[in-house]
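Let's take a look at a protein chain together. Keep the model open while you read.

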Amino acid sequence: MSRSRVYQWCTWFGEGQTSLGDEPKSGRPKTSTNEENTTHVEELIRCDRRMKIREIALKLEIPKSTVHEIVHDTLGYRKMSARWVPKMLTEDHKLQRVEIS
C-alpha cells in the first residue's frame, strides 16, 4: 500500500467521509438487463436453442453485450455444438440425455 493512498484516506476521513466504498455514480442506469428482458431471452432460447446472440439482440432490440451478459451470466447457458445448454445439468437433465442416447 502506498503512502499517497494512506494520506488520501486520512484526508477523506478528516473531511467527514466514513466509508472507503464508491459513491453512487451519475449517469444513465442500466435498463436493458432487467427481469422482463431476461424472461424474453430465455423464452427465445427455449424455442430455438440454435439461435445466435446477434439474432436475439435484433429481435428484442437490445445491445448484443446485454444479451451476452443475460445468456452467460444470468441464465448460465453456454454454446455447445451450436446449441445453448445449461452449464450445470440437473439429475433430470442427465437422465433425459441417457434415455435419448
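Which residues in helix 2 meet which residues in helix 4? From helix 2 come N37, T38, V41 and I45, and they meet I70, V71 and T74 in helix 4. Keep in mind that this is a predicted model.

## Two helices that cross

Helix 2 covers residues 35-47 and helix 4 covers residues 64-74. Their axes come within 10 Å and cross at roughly 80°, so helix 2 and helix 4 are roughly perpendicular to each other. Sorted by class, the contact of helix 2 with helix 4 has 4 nonpolar residues, 3 polar ones and no charged ones.

## The nonpolar core

Now for the inside. The largest nonpolar core has 14 residues. Among those with the most contacts inside it are V41, I45 and V71, and these three also sit in the contact of helix 2 with helix 4. I56, V67, Y77 and W84 belong to that most-contacts list too. Helix 2, helix 4 and helix 3 (53-60) each supply at least two residues of this core.

Take I56 as an example. Setting aside its neighbours within four places in sequence, I56 is in contact with V41, L44, I45, M51 and V67.

## The whole chain

Zooming out, the protein chain has 5 helices and 2 strands. From the N terminus on, the order is α-α-α-α-β-β-α.

What about its overall dimensions? Along its principal axes the C-alpha trace spans about 65 × 30 × 20 Å. The radius of gyration is 22 Å, while a compact globule of 101 residues would have one near 13 Å. Buried residues make up 19% of the 101 residues.

Note on methods:
Residues are numbered from 1 along each chain as its sequence is written. This is a predicted model: local features need pLDDT of at least 70, side-chain atom pairs count only at pLDDT 80 or more; totals for chains, interfaces and linings use all residues. Side-chain values use heavy atoms; hydrogens and water are left out. Axes are lines fitted to C-alpha atoms, for helices over the stretch in contact, and angles run from 0 to 180 degrees between N-to-C directions. Helices (H or I, at least four residues) and strands (E, at least two) are DSSP runs, numbered from the N terminus. Angles under 35 degrees count as roughly parallel, over 145 as roughly antiparallel, 65 to 115 as roughly perpendicular and the rest as oblique. Contact means heavy atoms within 4.5 Å. Ala, Val, Leu, Ile, Met, Phe, Trp, Tyr, Cys and Pro count as nonpolar, Asp, Glu, Lys and Arg as charged, and the others, Gly among them, as polar. A nonpolar core is a set of buried Ala, Val, Leu, Ile, Met, Phe, Trp, Tyr and Cys residues joined through side-chain atoms within 4.5 Å. Buried means under 20% relative accessible area, exposed over 50%, partly exposed in between (1.4 Å probe, protein chains only). The radius of gyration is taken over C-alpha atoms; the globule rule is 2.2 Å times the number of residues to the power 0.38.
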